Amino acid sequence: GAEGCMIPNVEVCLIQERKVGSVLRSNETLVCGETGPDGTYSLPVVIGSRVDYVNLVYHGHQFHPSFGSKFRAGMAIEDSYYGDNDFMDVEKARVIVDIVGGL
């Protein structure tokens with residue numbers, strides 16, 4: 001998996017896009033859960049489903065697959081183990097610090 005600070009209580013939803021031809025009709029949430037205290041998640045997905053993207057919700061933060069993540073959009077779920085689908089928080093904050101001195 002990825003290195004860094006793990007984030008607990010992130011809502012993780014696996015999404016499958018429903019299309020008619022090449023036109024997107026709707027998105028179906030396959031399953032949702034939360035990351036545990038150690039930042040990991042485990043979600044049961046029905047065999048035969050397709051995971052087009054993962055929606056992660058945590059205080060408005062933005063996430064992307066981390067370097068080395070095995071997640072690929074459009075993953076067809078078979079009778080197998082799907083580990084190392086890691087994501088990283090790419091949210092940035094700007095901090096301004098004023099230092100005031102005197103005699």
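This is a predicted model: local features need pLDDT of at least 70, side-chain atom pairs count only at pLDDT 80 or more; totals for chains, interfaces and linings use all residues.
Tutor: Residues are numbered from 1 along each chain as its sequence is written, and side-chain values use heavy atoms, with hydrogens and water left out.

Student: Why is the aromatic pair of Phe71 and Phe87 called tilted?

Tutor: Rings of Phe, Tyr and Trp (its six-membered ring) pair if their centres lie within 6.5 Å, and planes under 30 degrees apart count as stacked, over 60 as edge-to-face and the rest as tilted. The ring centres of Phe71 and Phe87 are 5.6 Å apart and their planes stand at 50°, so the pair is tilted.

Student: What makes Phe71 buried?

Tutor: Buried means under 20% relative accessible area, exposed over 50%, and partly exposed in between, with a 1.4 Å probe and protein chains only. Phe71 has a relative accessible area of 10%, so this residue is buried; Phe87, with 19%, is buried too.

Student: How do you know that strand S1 and S2 pair, and in which sense?

Tutor: Strands are DSSP runs (E, at least two residues), numbered from the N terminus, and two of them pair if DSSP finds at least two bridges between them. S1 (residues 11-20) and S2 share 10 bridges, in the antiparallel sense, and Leu14 has Val31 in S2 as its bridge partner.

Definitions and conventions
Helices (H or I, at least four residues) and strands (E, at least two) are DSSP runs, numbered from the N terminus.
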